[in-house]
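Here is a short report on one protein chain. Keep the structure open while you read.

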Amino acid sequence: MKKKTKLLALILASMLTVSSTVGCSLQGKQDKENDSEVSETESSEDKKSKEKKSGKDIRPQDNFYESVNFDTLMNTDIPYGEKGYSTWGDEEVEEQVNDIIREIVNSSEKYKPGSNEQLIKDLYNQYIEYKDDGSAEKEIMANCQRIFDSKDINELFEVWGDLVRNYGASSVFQFSVMLNYQNGSENVLFLDADQSFLGTPLEDIADLTSNCQQPNALACDMLRIMGDDYDTAHDKGKDMAYLAIDIANNTDFEEGDQFAKVMTLEKTSFDEFDSIMSNINGSVVEMFFGDVKDSTDGVYIMDKKQLEAINSLITDKNLEKWKNYIYADYIFKMGAFIPDSHEILRKYYPESKETDEKLGQTCIKNYLPNELSEIYTEKYYTPEIDKGIHDMVDDIKMSYTELINNADWLSADMRKSLKKKLDNIELITATKPHKVKADDAKLIGDDLYATVRNITKRSIDKQISDLSEKPDHNNPEMTAQTLNAQYLPYNAINITVAIMQKSMFDPNGDEAENLGRLGAVVSHEIGHAFDSTCINFDEDGVYNPNWISEDDKKALDKRADSVASYYDKYTIMEVFHVDGELTKGENYADLSGVECVTNLVDDEEELKKLFESYAKMWAMLQVDTSALHYLKADVHSPNGVRVNAVLSSNEKFIKVYNIKEGDGMYVAPEERVSRW
């Protein structure tokens with residue numbers, strides 16, 4: 001068994017350039033590596049406070065979330081090194097994917113060149129067998145020398161752009177191609193704000209400049225690889241860190257609905273972009289992303305102030321600082337390929353305690369997610385699931401039609417328009433399988449290093465080609481193995497194959513339990529069509545705030561303000577309040593979703609099963625510091641609030657559990673909120 005470095009499969013993933021997506025999603029910010037839906041709910045202090053209680057001590061009428069989930073939360077520990085633990089079924093999906101990889105790599109079958117299976121098997125074997133023969137080190141160190149040999153700032157940035165486009169290096173220019181959500185008919189070039197500096201969040205540096213110590217230390221170690229003594233390398237790293245401080249102090253870290261912010265952006269022409277980046281000769285877009293001027297005429301910039309600050313730092317006076325930064329970032333990432341070439345790199349990439357199999361599986365998940373997605377779909381998207389999800393969506397649409405019809409606080413014309421938008425919502429589920437492409441076999445190079453370069457280049461080339469092509473709205477934006485669901489503003493919902501598995505959905509199971517789990521997720525996503533942001537898209541999925549009359553806008557705004565005020569009163573750890581304005585869109589969708597699914601059930605016992613399934617779905621533990629961070633940053637409310645706040649205003653829940661004044665779940669009728 002060959003030695004494998006601990007971070008190889010994970011570090012290499014950051015070298016791929018991937019498309020950013022923006023939409024109204026059930027998914028919040030994550031602490032876990034995969035994309036499952038988690039939010040902060042149960043802190044360690046909350047857990048300690050209940051250690052002397054039992055599940056029977058907590059009445060559902062006082063705290064439904066804790067009553068239902070008590071045993072689960074008390075008998076669960078957060079895994080070492082993680083910031084939280086949820087019950088969404090991440091482990092089951094992870095094992096399903098691992099089984100697919102095992103089956104392929106252990107098979108004696110000779111797969112067709114260019115098939116998904118061939119790519120997975122060959123890349124896996126290259127990972128397992130990888131040991132640099134000296135060629136990777138030679139190329140990597142030659143590129144490092146190119147950085148230091150640059151005679152001026154423009155030559156340096158030309159070298160940097162080449163490393164980004166052809167070797168998977170990262171940069172301060174976060175280009176990606178994404179859908180133009182304002183009309184949904186085209187893809188556009190997007191420049192997101194840079195968020196980190198040698199692995200340290202810029203926001204941390206802006207809060208406290210001493211947080212530059214970590215990037216300084218990393219740069220110091222990397223510079224010693226090139227022969228600098230410790231003191232010289234340390235001084236260079238310290239001087240380099242001033243770049244981070246200047247960029248951080250000119251970056252917008254304001255939390256809020258990032259999708260709403262994207263919708264306010266106007267396209268910046270390439271001429272204007274070049275004028276902002278006046279200290280670079282030539283096109284920064286072409287230098288760091290590619291020649292796209294025949295495909296589009298501008299770029300959407302998320303943070304112009306940061307971009308202007310970066311430009312002001314691009315001077316020959318700062319040449320050495322930029323050299324040291326670019327070099328340190330590049331060699332640190334590429335060091336995963338050559339850990340035995342220097343003692344310092346061996347320190348950063350020690351021998352892993354994980355098995356070769358597990359590391360190889362991680363490599364496949366990072367580099368061939370779309371190939372895995374197609375195989376996962378073929379294996380787990382059964383005809384029963386397909387019929388079950390379509391039937392569920394039909395039932396949910398029927399329920400929403402009834403709710404909209406009864407929303408007499410809206411005009412008759414507005415209700416008619418909302419029903420048309422509801423009818424037009426498309427359901428997107430399975431990934432479309434592609435035909436075997438013989439040319440794809442060429443992605444597999446002579447060794448792992450060469451293959452990763454090829455896959456990296458393919459990713460960038462695909463984005464460039466996507467820029468000139470009409471978007472395919474019927475193709476999922478998420479991979480099938482992603483445990484999530486999403487509403488897309490062009491009026492579609494993407495429900496992944498992974499979230500339709502038995503941990504969330506059983507097409508042959510109990511209907512009420514299904515409605516409490518996946519049904520609540522689907523109705524939540526459909527509810528986003530009418531939330532405070534996405535309601536600005538008309539029935540055809542086109543951004544058009546004027547499709548709503550002034551009177552209806554006032555009625556909608558009044559209701560939204562009531563929802564924000566309602567959630568402001570909820571707390572975690574009995575002290576820290578939810579931000580009702582920040583979480584308004586997701587709270588709207590939660591309220592709407594539960595109203596919808598409970599509208600489909602009348603039997604008391606069935607409703608109890610629905611409510612309990614809903615509460616169990618959100619069971620989660622999270623460390624205190626992480627919970628507090630996401631309380632300020634996440635557009636989703638904490639999980640316990642997503643249960644108790646919603647149900648405390650749900651008329652059927654109040655009736656079924658006989659909620660009375662004095663109960664913990666009681667909210668006075670005049671203070672209750674409803675989406676419809």
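The sections below go from the whole chain to single residues.

## Model and confidence

This is a predicted model. The mean pLDDT of the chain is 90. Of its residues, 91% reach 70 or more.

Over residues 1-22 the pLDDT is below 50. In the model this stretch still has 81 contacts beyond near neighbours in sequence. Residues 28-42 also have a pLDDT below 50. Here the model shows 74 contacts beyond near neighbours in sequence. Where pLDDT is low, the predicted coordinates should not be read in detail.

## Overall build

The chain has 28 helices and 14 strands. Its radius of gyration is 26 Å, close to the 26 Å that the globule rule gives for 676 residues, so the chain is as compact as a globular protein of that length. Taken along the principal axes, the C-alpha atoms fill a box of roughly 75 × 55 × 55 Å.

Buried residues make up 57% of the 676 residues. The chain exposes about 29,100 Å². Carbon and sulfur atoms supply 45% of that area. Among contacts with a separation of 6 or more, 77% come from residues 24 or more positions apart.

## Aromatic pairs and cluster

A search of the whole structure finds 33 aromatic pairs. One of them joins Phe-530 and Trp-676. Their ring centres are 5.4 Å apart and their planes stand at 75 degrees, over the 60 degrees that the edge-to-face class requires, so the pair is edge-to-face. The pair links distant parts of the chain, 146 residues apart. Phe-530 sits in the loop between α22 (511-527) and α23 (550-568), and Trp-676 in the segment after α28 (651-656). Both Phe-530 and Trp-676 are buried.

Tyr-567 and Tyr-570 form a tilted pair. Their centres are 6.2 Å apart, with 40 degrees between the planes. Both tyrosines, Tyr-567 and Tyr-570, are buried. Elsewhere, one aromatic cluster is formed by Phe-157, Trp-160, Phe-173, Phe-175, Phe-197, Phe-273, Phe-288, Phe-289, Trp-322 and Tyr-325.

## Charges over rings

The charged end of Arg-675 sits over the ring of Trp-676, 4.6 Å from its centre. In another such arrangement, Lys-608 lies over the face of Tyr-657. The distance from Lys-608 to the ring centre is 5.7 Å.

## Met-500 and Ile-389

Met-500 is found in the loop between β11 (492-495) and α22. Its relative accessibility is 0%, under the 20% cut-off, so Met-500 counts as buried. Leaving out residues up to four places away in sequence, Met-500 touches Tyr-381, Ile-385, Ile-389, Thr-429, Ile-495, Phe-505 and Leu-518. The C-alpha atoms of Met-500 and Val-643 are separated by 21 Å, and the two residues are 143 residues apart along the chain.

Ile-389 lies in helix α19 (residues 383-405). Ile-389 is buried, with a relative accessible area of 0%. Again leaving out residues up to four places away, Ile-389 touches Tyr-381, Leu-427, Thr-429, Ile-495, Met-500, Phe-505, Leu-518 and Val-522. Ile-389 and Asn-370 are 19 residues apart along the chain, with their C-alpha atoms separated by 22 Å.

## A buried asparagine

Where does Asn-491 lie? Its place is in the loop between β10 (485-488) and β11. At 3% relative accessibility, Asn-491 counts as buried.

## Positive phi angles

Leu-198 has phi near 50 degrees, a positive value in a residue other than glycine. Leu-198 is found in the loop between β5 (196-197) and β6 (200-201). Its relative accessible area is 6%, so Leu-198 is buried.

Asn-658 has phi near 50 degrees, a positive value in a residue other than glycine. Its place is in the segment after α28. Is Asn-658 buried or partly exposed? At 45% relative accessibility, Asn-658 counts as partly exposed.

Definitions and conventions:
Residues numbered from 1 in each chain as written. Predicted model: local features only at pLDDT ≥ 70, side-chain atom pairs only at ≥ 80, totals over all residues. Heavy atoms only, no water. Phe/Tyr/Trp six-rings, centres within 6.5 Å; stacked < 30°, edge-to-face > 60°. Helix = DSSP H or I, 4+ residues; strand = E, 2+ residues; numbered from the N terminus. Buried < 20%, exposed > 50% of the residue type's maximum accessible area, 1.4 Å probe, protein only. Lys NZ or Arg CZ within 6 Å of the ring centre and 35° of its normal. Rg over C-alpha atoms; globule rule 2.2 N^0.38 Å. Contact = heavy atoms within 4.5 Å. Areas by Shrake-Rupley, 256 points an atom, 1.4 Å probe, with all protein chains shown as cover. pLDDT = per-residue confidence, 0-100.
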